[in-house]
Amino acid sequence: MIPAKVLSIRVVLDPATTKGGRKGEVFLPARLDTKLRRFLAWKRRAGQSLEVDAPLFVSSQRRRLSPRAAQWRFAWWQRRAGFDRHYGFHQLRHSAVTNVYRTSRDLFLAQRFARHASPLTTVVYTHPSDEEMYDRVRDLLC
């Protein structure tokens, strides 16, 4: 069994495909390895290209999935899974960056993770939860 916190895959992002044209890296957990291999095997069986510049997800016309189509599918899967509200792509990003900051308490690490040019942009992801504010204020008073 692979420990939950082991990173096994490092993906270098092509600046041509990122917002702001900034390079970056993504680290994927080891537990995702088997799922990715199964997905790539399915793509191979479906006759989809596995070339580096090939789209990861394609439409029914076998063309690169547009951002709007990906958003629509994401909303559809949320409805199908029974989510009580809709979450947009940016909310996922916001949650991820906020969690990196909350776990590390390192603004510059969160900035790099988010690939922001300025730490001032990252500050909006550092808002404390009600529980954190309560704990911190309590600790100041006691």
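Analyst: Arginine 10 and glutamate 25 form a salt bridge, with their closest N and O atoms 3.1 Å apart. The pair joins strand E1 (residues 7-13) to strand E2 (residues 24-29), 15 residues apart. This is a predicted model, in which local features need pLDDT of at least 70 and side-chain atom pairs count only at pLDDT 80 or more, while totals for chains, interfaces and linings use all residues. Residues are numbered from 1 along each chain as its sequence is written, and side-chain values use heavy atoms, leaving out hydrogens and water.

User: What makes the contact between glutamate 132 and arginine 105 a salt bridge?

Analyst: A salt bridge requires a side-chain nitrogen of Lys or Arg within 4 Å of a carboxyl oxygen of Asp or Glu. For glutamate 132 and arginine 105 the N to O distance is 2.6 Å, so the pair qualifies. Glutamate 132 lies in helix H6 and arginine 105 in the loop between helix H3 (89-104) and helix H4 (107-114), so the bridge ties together parts 27 residues apart in sequence.

User: Why is glutamate 132 called buried?

Analyst: Buried means under 20% relative accessible area, exposed over 50%, and partly exposed in between (1.4 Å probe, protein chains only). Glutamate 132 has 16% relative accessibility and therefore counts as buried. Arginine 105, at 36%, counts as partly exposed, whereas arginine 10, at 54%, counts as exposed.

Note on methods
Helix = DSSP H or I, 4+ residues; strand = E, 2+ residues; numbered from the N terminus.
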